[in-house]
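Here is a short tour of one protein model, written for someone who likes angles and distances. Have a look at the structure first, and then we can walk through it together.

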Amino acid sequence: DEQIERERASQRLSGGCCALAAIYLMGKFYVANAGDSRAIIIRNGEIIPMSREFTPETERQRLQFLGFLRPELLGKEFTHLEFPRRIQPKELGKKMLYRDQTMNGWAYKKIEEDDLKFPLIYGEGKKARVMATIGVTRGLGDHDLKVFSSNIHIKPFLSCFPEVRVYDLTQYEHCPDDVLVLGTDGLWDVTNDKEVADVVMEVLTSYEPNDLCRYTVVAQELVVRSRGVLKERGWRLANDKLGSGDDISVFVIPLGGPGNYT
């Protein structure tokens, strides 16, 4: 992240990206995630999550706590508090549900002038945004990102530090159908864990266990199915729902060799 900051001036680069890395070391897989990509292990048909997405919803309390500690970062335009909806001036003095950085549930408070500011976190699900700008709260870069038509920097709220999960391969017997799947959010936006596991099993069982190209075919199939087919109403999946409009990158990594097949 610091290197990107140093190079942005000389190379005139802006923007940022998520990061998902898997490192094999001394019998263990270390999976590090910063962003909204995802990694899962499929072992004997069982799905084992190896990451979680970092979004304004999943990191709400961290973001609100920073806004509480450093109110100057909010530029006098945002409030770190969260309300079920935008508050109207006519509601001053009335009571409304809210939550702050210390709360998992909701409580009531009397609406004050500061509560009319735009919320630090706005929207739900994939539409949730930090300062109405970005929907991913960890990653690399974005040092120049600002709130639209303002001088408020968003970078202080974005973390480059990944969450790391460890999987010990020596604790289990793995066959060639056991894999680690790494995918960007373009895959997971339209395809859930079970659907990915179903595609993995469908493709792998149609090849011989010692045919290594089958893992590449699985990755290709996941990309193609998530993109969909171009029709008159845009890219459509097999169920006629919208295909992924984001970039899709997929890695499928075998956990067991042909000699481990049972």
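## A buried ring and its partner

Let's begin with Phe78, which is buried because its relative accessibility is 6%, below the 20% cut-off. Keep in mind that this is a predicted model, so every value here is computed from predicted coordinates.

Phe118, at 22% relative accessibility, counts as partly exposed. Phe78 and Phe118 form an edge-to-face aromatic pair, with 5.9 Å from centre to centre and 85° between the planes. This pair links distant parts of the chain: Phe78 belongs to strand β6 (residues 78-79) and Phe118 to strand β9 (residues 118-119), 40 residues apart.

## Another edge-to-face pair

How many aromatic pairs does the structure hold? There are four. One of them brings together Tyr24 and Phe29: the ring centres are 5.7 Å apart and the planes meet at 65°, so this pair is edge-to-face, the class for angles over 60 degrees.

## The four-stranded sheet

Four strands make up an open sheet with antiparallel pairing, in the order β5-β4-β14-β17.

Strand β4 (residues 38-43) pairs with β5 in the antiparallel sense, over four bridges. Within this part of the sheet, Ile42 stands opposite Ile47 in β5.

## Helices on the sheet

Helix α4 (residues 193-204) lies across β4, β5 and β14 (179-183), and runs at about 50° to β4. Helix α5 (residues 213-227) also packs on the sheet, where it touches β14 and β17. The direction of α5 makes about 150° with that of β17.

## Charges over rings

Two arginines are worth a look in your viewer. Arg43 lies over the face of Tyr172, at 3.7 Å from the ring centre. Arg138 has its charged end over the ring of Phe54, 4.1 Å from the centre of that ring.

Key:
Residues are numbered from 1 along each chain as its sequence is written. This is a predicted model: local features need pLDDT of at least 70, side-chain atom pairs count only at pLDDT 80 or more; totals for chains, interfaces and linings use all residues. Side-chain values use heavy atoms; hydrogens and water are left out. Two strands pair if DSSP finds at least two bridges between them. Helices (H or I, at least four residues) and strands (E, at least two) are DSSP runs, numbered from the N terminus. Contact means heavy atoms within 4.5 Å. Axes are lines fitted to C-alpha atoms, for helices over the stretch in contact, and angles run from 0 to 180 degrees between N-to-C directions. Rings of Phe, Tyr and Trp (its six-membered ring) pair if their centres lie within 6.5 Å; planes under 30 degrees apart count as stacked, over 60 as edge-to-face and the rest as tilted. Buried means under 20% relative accessible area, exposed over 50%, partly exposed in between (1.4 Å probe, protein chains only). A charge sits over a ring if NZ of Lys or CZ of Arg is within 6 Å of the ring centre and within 35 degrees of the ring normal.
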